[in-house]
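Please look at the sequence and the structure first, then read on.

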Amino acid sequence: MPHASVLEAVGLTARELQAGALAVRSPIDGAQVASVRETTLAEMPEVVAKSQAAFRAWRETPAPRRGELARLLGEELRAAKEALGALVTLETGKIISEGQGEVQEMIDICDFAAGLSRQLYGRTIASERPGHRMSETWHPMGPCGVITAFNFPVAVWSWNAALALVCGDPVIWKPSEKTPLTAMATMKIMERALARFGHDAPDGLTQLVIGGADLGDALASSRDVPIISATGSTRMGSIVGPKVTARFGRPILELGGNNAMIVAPSADLELAVRAIVFSAVGTSGQRCTSLRRLIAHRSIREELLARLAGAYSGLAIGDPRDEGVLVGPLIDQRARDAMMQALEKARGEGGAVAGGEDVSAGVPSGGHYVRPAIVAMPAQTATVTVETFAPILYVMHYEAFEEAIALHNNVPQGLSSCIFTQDIREAECFLSAVGSDCGIANVNIGPSGAEVGGAFGGEKETGGGRESGSDAWKGYMRRQTSTVNYSAALPLAQGVKFDL
Ligand code: NAD
C-alpha cells in the first residue's frame, strides 16, 4: 500500500501531517511522509496541570468502571488493527506480520487490564494486637509519564497506559521523535474509546506530547508526574532515572539488553536454529530482546554455525510490505553506521564476520538495508558486551556448563536470556539462583517475543523496571497499610508500655 493510503486509513489528515517542523521519514524508502507540530516546552506545565486535574476525578471512578475503558480501547484496536499495523510498518520498517503483532499485543494488554480492574487485590494481615485488624489497600498514584522508544512505537505505550488507567492514573505520552505518527493514530483510537465510554472520563486523561529529549526531561523533572515509565537506551535511562529519583518520583526503567542463548550439546538444533534466526534477525535486530550473543558448546559449534549460514543465506531482505520478506530496513543511517562500526571493531578483536554488507539490489532505494551478520568470536570481547541495535549475532563457545553461565552473565545488561538443552539439570540450573541473571529466562524458546501475561523487564543496566502482566500493576499504585482497632483497649505493638 502506498504511504499516503496508509496515513489516510488511520485517519491522519493532511493538516495534521503538515502542521509543523518535525520531519517524519519512512525507513522503508527514506521518504518524508509528514512534518508534524512539536509540543513546546512552554506548553508542558499546562499538560501536567490538566493531567493532575484529570487525576482528581479519575481516582474516584471505581476501578471496574475504569476497566471498561480498557475494554473499549481493546475493541477499537481490534477494529483498527490492520490500519494501525500498516502504519507501524511504514514508520518503523517492521514486516507486516510484526506490525500487526504489535497491535495484537496492545489488544492483549487491554483484555488483561479489563480483567485486572476487578483484581487490584490487597492483603489482610494478622495483627499481633487483640481486637485489631491490619490490611493493605492499593490507591491510584497520579499522572504517569510514558516515554517510549522507536522500535515498539505503540505496544509499550499500551502496556503502560492500559495498566495505569485501570489503576486510576492519567497518562502523558512522549513517543520517540522518530515515530510520532503511530502515536497520533493511537490517540485517535483512544478518543473513539473515550467517546463511547461516556462523561465520567475527565478531560486530559490521556495526552500526547510530541518532540525530543527536552520534553522527556520536562516530564522526568516535574514533581507533579509521580510515575515515569521510560523505555529506551541505557544512556537515556542513566539520565532520566536519577532525575526522577532525586525528586522522589517513581521510575520504571526499561532499557537496553544484550540477550544471549546457550546451546548445550543435547539441544534440538533444528528448533534452536529456528529460534536463533527469528530472534537475531527479526525486526532487523532492533528489538530490546533481540538475540545478540550465542554461547554454543564446542562440540556442536561448527555444526550450528554451518546450519545458521544455510538459514541466513536464504533470508529474504527487502521491502517489509512484501510477502515473504523477513528482514526490513534499519531505522536510519545512524543505525546502519553503528552496525558497520561494531563489525569493524569486532574484526579488530579477532572476530570472523559473515554478512553485514549493505544491500542495494531488490530493495527500495532510500532505505538502509543490511545483510544480518554472524560473527564468530574468539572470546567475549569489549564490543560484544555493548548493545548494538542491529542484526549482529556474536558466536562464542564453551566447554564446561559453569563457563557458559559465567560468559552469559558477564555483560552489563540483564534483559532476556535462554538455553536450548534437553538436560533437565542444565535447564533448571539456568533458571535457578546461580543461573541466568536476567529478568526473563527461557528454556527451548528464544529470548524475544514475550506474552503480556508475564512481567516484562530486566536487571542491571536494563533498569530493573517491570511492565505488563503479573503484578507489574503495583508499580502504578501506592500501597497503604491500615490498622483498625475494634477493641475497647489501646495495646501498643512490641509490648511497649506507655501508661498515662
Ligand atoms: P533512545 O534512548 O534514543 O530514546 C528513547 C526515548 O527516550 C525517546 O522518546 C527519546 O526522545 C527519549 N529520550 C532520549 N534522551 C532523553 C533524555 N535525556 N531525557 C528524557 N527523554 C529522553 O532509544 P531508541 O533508539 O528510541 O530505542 C532503542 C533502545 O531502546 C534500545 O537500547 C532498546 O534496547 C531499548 N528498548 C528497551 C525496551 C525494554 O523494554 N527494555 C523496549 C524497547 C526498546
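## Strand pairing

Two strands count as paired if DSSP finds at least two bridges between them. Strands of a sheet pair through backbone hydrogen bonds, either parallel or antiparallel. The model discussed here is a predicted one.

Strand S12 and strand S13 (residues 373-376) are an antiparallel pair, joined over three bridges. Within this pair, valine 353 has valine 375 of S13 opposite it.

## The sheet and its helix

S12 and S13 belong to an open sheet of seven strands, in which the pairing is mixed. Read across the sheet, the order is S12-S13-S14-S11-S10-S16-S17. The edges are formed by strand S12 (352-354) and strand S17 (440-443). Each of these has a single partner strand, so one side of each has no neighbour in the sheet. On average, neighbouring strands are turned by 20° against each other, with direction ignored.

Helix H11 (residues 298-313) packs on this sheet. The strands that H11 touches are S10 (259-263), S11 (291-297), S12, S13 and S14 (392-398). The direction of H11 makes about 140° with that of S11.

## Two domains

The domain assignment divides the chain into domain 1 (3-255 + 463-481) and domain 2 (259-443). The C-alpha centres of the two domains are 31 Å apart.

Where the domains touch, 15 residues come from domain 1 and 19 residues from domain 2. On the domain 1 side, helix H4 (63-92) and helix H5 (96-116) each supply at least two residues. By class, the residues on that side of domain 1 are six nonpolar, five polar and four charged.

Key
Residues numbered from 1 in each chain as written. Predicted model: local features only at pLDDT ≥ 70, side-chain atom pairs only at ≥ 80, totals over all residues. Helix = DSSP H or I, 4+ residues; strand = E, 2+ residues; numbered from the N terminus. Axes fitted to C-alpha atoms, helices over the stretch in contact; angles between N-to-C directions. Contact = placed C-beta atoms within 7 Å. Domains from an automatic or database assignment. Nonpolar A, V, L, I, M, F, W, Y, C, P; charged D, E, K, R; others polar.
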